[in-house]
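My notes are below the structure.

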Amino acid sequence: LDSIFIYIIQAIIFFGILNVWLIRVNKKTNYRGGTAKNLQEEFNVYGYPHWFFYLVGVLKILFALCICVGHWIQMLLPIGALGMSILILGAIFSHFKVHDTLVKFIPASIMLFLSLFLLSSSI
């Protein structure tokens, strides 16, 4: 039962990141920082340079892949979970930086909790 629970968390993180960074990247959501209408605008709201958007996107997808592949190659799971946790902490900091409402913290907070849970269960 424990391993099924871990697999479900891995899938939630993997598909959640792919959804945000590949499918909904140009769509407005209630969770975007400030008044941003897409993910790139959200990075602008936070005051980050244009290249940083691409760097974070590549890293999040790579860490999500590590989390997913960690199902078969166990050593990748803590790498992905730690990397994702660090990036998600950055997202939470960014929401604080622009004084977002608490509702905008919900997805990042859930992802942080799940990533930290995976990290703690994989080391």
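Entry 1, ground rules. I am working from a predicted model, in which local features need pLDDT of at least 70 and side-chain atom pairs count only at pLDDT 80 or more, while totals for chains, interfaces and linings use all residues. Residues are numbered from 1 along each chain as its sequence is written, and side-chain values use heavy atoms, with hydrogens and water left out.

I looked up helix α4 (residues 76-97) and helix α5 (residues 106-122), which pack at an angle of about 155° with axes 8 Å apart. Helices here are DSSP runs of H or I with at least four residues, numbered from the N terminus. Axes are lines fitted to C-alpha atoms over the stretch in contact, and angles run from 0 to 180 degrees between N-to-C directions. The angle makes α4 roughly antiparallel to α5 (over 145 degrees). Their crossing is left-handed, that is, the near helix is turned anticlockwise from the far one by less than a right angle. By class, the contact has 15 nonpolar, four polar and no charged residues. Nonpolar covers Ala, Val, Leu, Ile, Met, Phe, Trp, Tyr, Cys and Pro; charged covers Asp, Glu, Lys and Arg; the others, Gly among them, are polar.

I checked H99, which lies in the loop between α4 and α5. H99 is not a glycine, yet has a positive phi of about 60°. H99 is exposed, with a relative accessible area of 72% (exposed is over 50%, buried under 20%, partly exposed in between, with a 1.4 Å probe and protein chains only).

The axes of helix α1 (residues 2-23) and α5 come within 10 Å and cross at roughly 135°. The two are therefore oblique to each other, and this crossing is also left-handed. On the α1 side I listed F5, I6, I9, Q10, I12, I13, G16 and I17, which meet M111, L114, S115, F117, L118 and S121 in α5. These residues divide into ten nonpolar, four polar and no charged.

Which residues have the most contacts inside the largest nonpolar core? They are I13, I17, W21, F43, M84, I88 and L118, in a core of 30 residues. Such a core is a set of buried Ala, Val, Leu, Ile, Met, Phe, Trp, Tyr and Cys residues joined through side-chain atoms within 4.5 Å. α1 gives the most to this core, with seven residues. Leaving aside neighbours within four places in sequence, M84 is in contact (heavy atoms within 4.5 Å) with I13, I17, K60, F63, A64, I67 and S115.

How values were computed: Parallel < 35°, antiparallel > 145°, perpendicular 65-115°, else oblique.
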